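This report covers aromatic rings: their contacts with charged groups and with one another.

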Amino acid sequence: MEGTKGEGQTGGGTMENNAEQPRQQDHLIRDGDFVVLKREDVFKAVQVQRRKKVTFEKQWFFLDNVIGHSYGTTFEVSSGGNLQPKKMMEEITSETKEAGIDNRNIVDDGKSQKLTQDDIKALKDKGIKGEEIVQQLIENSTTFRDKTEFAQDKYIKKKKKKYEAVITVVKPSTRILSIMYYAREPGKINYMRYDTLAQMLTLGNIHAGNKMIVMETCAGLVLGAVMERMGGFGSIIQMYPGGGPVRAATTCFGFPKSFFNSLYEFPLGKVNSLLNGTFSSKALPSESKDSISVEENNGVLLDDLQTSPKEMEENIIEVIENNHPQQETMEVISQEAEYKEQKERGNKKDYIQEFQKKQEQQKKRQIEAAALLNERNADGLIIASRYHPTPLALSLLEFVAPSRPFVIYCHYKEPLVECYTKLRERGGVINLRLSETWLRNYQVLPDRSHPKLMMSGGGGYLLSGITVANDKQKPESCAVELQKNEEPIAKKRKVEESEDLP
Amino acid sequence: MSFVEYEELIKEGDTAIIFLGHGSMFPVQVQHGAQTQTKYGVIRHSAHLIGQPYGSRVTCSKGGWVYVLHPTPELWTLNLPHRTQILYSTDISIITMMLELKPGSIVCESGTGSGSLSHAIIRTVAPTGHLHTVEFHQQRAQKAEEEFREHRVDRWVTVRNQDVCKNGFGVSHVADAVFLDIPSPWEAIGHAKDALKVEGGRLCSFSPCIEQVQRTCQALAEHGFIEVTTLEILLREYNVRTANLPLPDLGGALDPLPVLGEAQFKIGVPLKETVGHTGYLTFASKSLF
């Protein structure tokens, strides 16, 4: 069959016209790349920059040495904060196969470790390798040999975790970033667990070529996930509240510039005027009406820029950093080169011109977005915000074509129950489903397999469905489903006259 | 219609989903002159379907009506003819995300089975990716190939009729991701490693039994896979209902609260019975070293 044409070749061979960059280099870390640092199960997103100090898990280091290595390479922090690539080591099987059977004779007297705190600190200060410290701890533990094999294993693992700090540099993806956000900044993404996000992408049939409407207040994580699945094909209209869309998490994905060509944004505050036909392009950038106060110095000028989405990002990130100095999820985000230049140059006139140019561009994009929405033929709708979902769903579904999926996320179930009822009253939707997923992780080890932890409740709820042609004159069009769902007794189907027939 | 691209109007040769109400639906192959019987009467393809927009309401001969829907992998999963046990969208969604599938991904899969997951993979990796799927059962392999052609997605998939445990995936060092849903996945881990790109990739194995998972994890460790995690995802569905609780009669009014009557509210009740287990999903990354 036709599809076999690419078989046996590299992935690049089967690509059609998507070769933006030589694909074979894609797996190498480059200066300026957005990457994710990983230690055990802890993640942190950063941008690679030379001579930039990064702190992660109580250690600081420079990323200079990671450049040129493959993604997935593991590094060790050496003195002076340099990262040295580390080969994966064979697990040191304890030569002493000696082990106890049970713990009946093990007494916790607090004296089993012969090394003192000071001894250990001295070892560390001498710059002795982590693995050697672990070995010394084992040798100086009087109870180690009496522990069961499993307990010895556990002991070594625990010590390794503490003293052998290895960091893996991985490529950002929805998988990594959604796990990272849920673990570190769940409040920023409305407590949406990563399996819930996975459901949304599937239920929404997100794929290349779609024209999607996304309304989210999840730091841009949901937007990024949708962009990843669309691969730069098709278009996305992001509805945003306030002065501009938040895309801090979107930046972490490190998408190529081309992905942003078909990403539009439209202010939520103009949705009603667009729906009732009173939308005017003149009224658009109203938020930025009080243009720049020329007398102010550059530092203050920054504040006036909040209407511009790009700069907004940087503010958001600063906020994150200020609010959670101990949390290190996202340290670096977007460093717009031109923006920096302007800041340093301090040329106000140029700056204002630039700002006005940006405003014009922004206005133009919004008019384009409005036109796209007005076609009312979007291929899907994704809602995941801190707002009540019902008014959002009722309005935004107007822009969606018939026979398209929509997915609404909410941290709570009750608003979705209401939304379900209101959508039924509105009509034009079928196959409504209110659901939740539970996720259970397992430890799988010889003779020690069991569930790890139960995750429940906190992952959020989804209301999904499919749009259909809505006959406004016949609000009873959904009578069948209502009957079946709510009054199982009424089996009889409402018979409609065949007005629809040609 | 295409499973990878939305189209507005129904045309000859399309697979359309006829929606009868409350989760009851079935697929039809749209053909000039063809008729489909439903409990609400007959649907004449030429008059009722061809040229109509997807999502429209079709009035059948007895006056009842149905909706006709654009096919998606999710609707196909609910309506496909079962030749094997299939994976449902809840598992498929986490598989797709954890394997990091996106347009351009090259994926290896075995077995093809009934093609439930295959359609979802193709949807996600199109238009620049490819699926290499292996099915050792000849009839099933053929049937899957036919379906891919009917659904106009055959350019994104290659079906191979061979034993993945013995002969592998038929490709080497091309895949970004490998998915295994076979009885003895541990025997295919070596082939999976070979199919994945030199610079690494992701793997997922689906098994109903914990013993299978244990052997798979052991084989993964032996072949140097890292980041091995096993998880299970469960779907909880809720029916939205109006509930009534009668207020108790406490014998006369002491305060201004209503004495008798009912309290009414909307609630989401869990289904009486739901799927408790499909399978364990084991994920791993191919190590660079």
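## Aromatic contacts

The ring of A:Tyr264 has the charged end of A:Arg365 over it, 4.1 Å from the ring centre. A charge sits over a ring if NZ of Lys or CZ of Arg is within 6 Å of the ring centre and within 35 degrees of the ring normal. A:Lys53 lies over the face of A:Trp60, at 4.2 Å from the ring centre.

The model is predicted, so local features need pLDDT of at least 70 and side-chain atom pairs pLDDT 80 or more, while totals for chains, interfaces and linings use all residues. Residues are numbered from 1 along each chain as written, chains are lettered from A and ligands numbered from 1 in written order, and side-chain values use heavy atoms, without hydrogens and water.

Rings of Phe, Tyr and Trp (its six-membered ring) pair if their centres lie within 6.5 Å; planes under 30 degrees apart are stacked, over 60 edge-to-face, and the rest tilted. By this rule there are ten aromatic pairs over all chains. One of them is the edge-to-face pair of B:Phe3 and B:Trp76, with 6.1 Å between centres and 85 degrees between planes. B:Phe3 is in the segment before β1 (15–21) of chain B and B:Trp76 in helix α2 (residues 73–79) of chain B, 73 residues apart. Helices (H or I, at least four residues) and strands (E, at least two) are DSSP runs, numbered from the N terminus.

B:Trp65 and B:Tyr67 also form an edge-to-face pair, with centres 5.9 Å apart and planes at 65 degrees. In chain A, ring pairs link A:Phe253, A:Phe255 and A:Phe259 into a cluster.

Relative accessible area is tabulated for residues that count as buried (under 20%; exposed is over 50%, partly exposed in between; 1.4 Å probe, protein chains only).

| Residue | Relative accessible area |
|---|---|
| B:Phe3 | 2% |
| B:Trp65 | 4% |
| B:Trp76 | 5% |
| B:Tyr67 | 6% |
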